[in-house]
Amino acid sequence: MPSKPLVLIVEDEPGIADTLQYALRTEGFEPRWCATGEAALAQAGDVALVILDVGLPDIGGFELFKRLRAARADLPVLFLTARGDEIDRVVGLELGADDYITKPFSPRELVARVRSVLRRSAGTAAIAEARAAVAAVSPLQCDEGRRQIRYYGRALDLSRYEYGLLKTLLSRPGFVFTRERLLDLVWGDANQSLDRTVDAHVKTLRAKLKVVAPEREPIRTHRGVGYALAEDLPASL
Ligand code: CA
């Protein structure tokens with residue numbers, strides 16, 4: 001039997017929270033209630049959706065929303081607002097919330113909104129998953145036409161030689177390129193350059209890669225020999 005979708009209600013008015021919990025439970029959801037933003041942050045890790053009151057005692061609803069999304073970018077959120085004014089609606093949706101509902105609301109309408117948000121987010125998740133499967137080949141993607149290399153989806157801002165260096169390493173992951181070979185392939189004239197030119201460019205390249213993925217080390221140093229691109233880079237961050 002599939003488990004019931006867990007819905008977190010963040011609402012400081014117990015009466016409203018009770019109504020919500022009852023309506024959700026009746027319709028096959030598993031409600032979880034908390035009355036403060038701090039509690040919500042602690043409990044949102046495994047929920048399918050959050051119903052979020054804009055007016056909370058400790059953290060503003062919009063601020064809480066940002067923090068929840070910072071922790072879980074794909075978390076579906078439905079705002080609950082006591083004020084019907086347009087500002088709340090616009091701000092709520094501009095923030096990237098999935099939907100909102102104005103108090104007073106009918107429990108039936110609320111459950112319908114919860115269902116539709118969950119349906120939409122399931123579709124989005126499926127698309128994201130398909131994209132991730134394509135990207136799983138390598139976190140480094142070279143687009144030679146644009147002379148651009150993407151790393152974990154982010155376009156790197158590379159100088160001419162940094163680009164050439166990374167493209168060369170990327171052409172044969174795991175293969176150890178000597179400094180001489182790199183000078184020849186990237187700079188074109190090994191005689192005109194020094195070994196430390198390669199080292200200096202590897203250093204700046206690594207710094208740029210580190211900005212995107214601080215924990216990863218895609219360029220491996222082989223002491224006394226040269227450099228190679230790691231073959232075991234995780235596909236996603
Ligand atoms: Ca409130």
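Reader: Which residue of β11 stands opposite Thr178?
Author: Strands of a sheet pair through backbone hydrogen bonds, either parallel or antiparallel. In this predicted model, Thr178 faces Gly226 of β11. The two strands concerned, β9 and β11 (residues 226-229), are antiparallel and share 2 bridges.

Reader: What is the order of the strands in that open sheet of 3 strands?
Author: The order is β9-β11-β10, with antiparallel pairing. β9 (177-178) and β10 (219-222) are the edge strands, each pairing on one side only. Helix α8 lies across β10 and β11, and its direction makes about 145 degrees with β10.

Reader: At what angle do α7 and α8 pack?
Author: Two packed helices are described by the angle between their axes and the distance between the axes. For α7 (residues 179-187) and α8 (residues 195-212), the angle is about 75 degrees and the axes are 9 Å apart. The pair is therefore roughly perpendicular. On the α7 side the contact is made by Arg179, Glu180, Leu182, Leu183 and Trp187; on the α8 side, by Asp195, Thr197, Val198, Asp199 and His201.

Reader: Is Arg179 buried or exposed?
Author: Arg179, in helix α7, has a relative accessibility of 15%. Buried means under 20%, so Arg179 counts as buried. Leaving aside neighbours within four places in sequence, its contacts include Asp195, Val198 and Asp199, and also Gly224, Val225, Gly226 and Tyr227.

Reader: Which strands stand at the edges of the open sheet of 5 strands?
Author: That sheet has the order β2-β1-β3-β4-β5 and parallel pairing. β2 (30-34) and β5 are at its edges; each has a single partner strand, so one side of each lacks a neighbour in the sheet. Ignoring direction, neighbouring strands are turned by 20 degrees against each other on average.

Reader: How many bridges join β1 to β2?
Author: Strand β1 (residues 6-10) runs parallel to β2 and is joined to it by 5 bridges. Helix α1 (residues 14-26) lies across β1, β2, β3 (49-53) and β4, at about 165 degrees to β2. Helix α3 (residues 61-71) also packs on the sheet, where it touches β1, β3 and β4 and runs at about 160 degrees to β3.

Reader: Which residues of β5 are on the covered face, and which on the uncovered one?
Author: In a regular strand the side chains alternate between the two faces of the sheet. In β5 (residues 99-102), Asp99 and Ile101 belong to the covered face, while Tyr100 and Thr102 belong to the uncovered one. β5 pairs with strand β4 (residues 77-81) in the parallel sense over 4 bridges. Within that pairing, Ile101 is the bridge partner of Leu80.

Reader: Which residues coordinate the calcium ion?
Author: Asp12 (OD), Asp53 (OD) and Gly55 (O) do, at 2.2 to 2.3 Å. Their spacing along the chain is D-x40-D-x1-G.

Reader: Are Asp53 and Gly55 buried or partly exposed?
Author: Asp53 has a relative accessible area of 2% and is therefore buried. Gly55, at 45% relative accessibility, counts as partly exposed.

Technical notes. Residues are numbered from 1 along each chain as its sequence is written. This is a predicted model: local features need pLDDT of at least 70, side-chain atom pairs count only at pLDDT 80 or more; totals for chains, interfaces and linings use all residues. Side-chain values use heavy atoms; hydrogens and water are left out. Donors are N, O and S atoms within 2.8 Å of the metal (3.2 Å for Na, K and Ca); water is not among the atoms, so sites may look incomplete. Buried means under 20% relative accessible area, exposed over 50%, partly exposed in between (1.4 Å probe, protein chains only). Axes are lines fitted to C-alpha atoms, for helices over the stretch in contact, and angles run from 0 to 180 degrees between N-to-C directions. Angles under 35 degrees count as roughly parallel, over 145 as roughly antiparallel, 65 to 115 as roughly perpendicular and the rest as oblique. Contact means heavy atoms within 4.5 Å. Two strands pair if DSSP finds at least two bridges between them.
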